[in-house]
Amino acid sequence: MGDNEYKEIPGGLFISFEGIDYCGKSTQVKLLSSKLSHDGYGIVVVREPGGTEISEQIRAVLLDNANIKMAPEAELLLYEASRAQLTRQLIIPGKDAGKVVLCDRYFDSTTAYQGYGRGLDLDSINKMNLLASCGIKPDMTFLFDLPAEAAQARFSSVPLFKDRLEEEKIDFHRRVRNGYLKIAELERERFKVIDAEDDIDNIAEKIFTEVKKRF
Ligand code: TYD
C-alpha cells in the first residue's frame with residue numbers, strides 16, 4: 001500500500017478513552033494507534049479538550065491555573081465548545097473517510113467531571129453533550145478504572161491526605177471515578193471497563209483484542 005492508502009472501514013470506527021487523571025489512558029492511545037497503523041488502518045488521534053487550532057485555544061483557557069474564578073457553568077460550556085469544533089472538523093470527517101478515530105476523552109468526561117464531580121445538573125449535561133457531539137457517539141469506550149488514591153500515588157510522593165484541600169481534591173476524583181462507573185453501567189454495550197492497575201502490556205493486549213472484534 002502507498003502512503004495515502006489504508007484499509008477503509010465503512011462508516012469508520014470511533015473509539016474513546018476515559019478515566020480519572022493519571023489513569024494511564026494516553027499511553028494506551030499511543031500503543032493502539034501504532035498497532036493499528038502498522039496493520040494498515042487509517043488513524044486519527046485526537047484529545048479533549050483540544051485537537052484543533054480553535055479547540056487548543058479553548059483548552060488553554062480551561063487549563064490555565066490563573067482562571068481560578070471560572071464558574072462551573074462557564075467551564076462546562078467551554079468543554080462543549082471545544083468538543084463541537086473537534087467533532088465537526090476532525091471526528092466526523094475521519095469517520096466518513098473510513099478511518100479509526102481514537103479520542104483521548106469525549107463527552108463521558110463532561111458527565112463524569114462536570115456532572116458527578118462538580119454536581120451540575122446531569123439532564124442539562126446530557127442535552128449539551130448531544131448538541132456538541134453533533135449526533136455522533138463513540139462506537140466503543142474504554143474506561144480505565146482506578147481508585148483516586150492510586151492515581152494520586154502515581155504523581156505524588158508526599159503522604160496522602162495532607163490537609164483539607166488535598167482531601168477535597170481526592171474526594172472530587174472519587175466522585176468522578178464513581179460517576180464513570182455509573183455511566184458505564186448504563187451503557188454496557190459501549191463500555192469496556194479496564195483495570196488500570198494491570199500491567200501496561202496486558203492492558204494493551206486486551207484493548208487490541210476488543211478492537212479487532214470490530215473489524
Ligand atoms: P489533560 O491534561 O488533558 O489530562 P488527561 O491527560 O488526564 O486527559 O487535562 C484534561 C483535564 O480536563 C482533565 O483533568 C479532565 C478535564 N475534563 C473535564 O473536566 N471535562 C471534560 O469534558 C473533559 C474533556 C476534560
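**View 1. Strand 1 (residues 13-19) pairs with strand 4 in the parallel sense over 5 bridges.** The model is predicted; local features need pLDDT of at least 70, side-chain atom pairs count only at pLDDT 80 or more, and totals for chains, interfaces and linings use all residues. Residues are numbered from 1 along each chain as its sequence is written, and side-chain values use heavy atoms, with hydrogens and water left out. Strands are DSSP runs (E, at least two residues) and helices likewise (H or I, at least four), numbered from the N terminus; two strands pair if DSSP finds at least two bridges between them. Gly 19 stands opposite Phe 144 of strand 4.

**View 2. Strand 4 and strand 5 (residues 191-195) run parallel, joined by 5 bridges.** Leu 143 has Val 193 of strand 5 as its bridge partner.

**View 3. In strand 4 (residues 140-145), 6 of 6 residues are buried (under 20% relative accessible area, 1.4 Å probe, protein chains only).** Met 140, Phe 142 and Phe 144 lie on one side, and Thr 141, Leu 143 and Asp 145 on the other.

**View 4. Helix 1 (25-38), helix 2 (53-63), helix 3 (72-96) and helix 4 (107-117) each supply at least two residues of the shell around the ligand.** Helix 4 gives the most, with 4 residues.

Note on methods. Buried means under 20% relative accessible area, exposed over 50%, partly exposed in between (1.4 Å probe, protein chains only).
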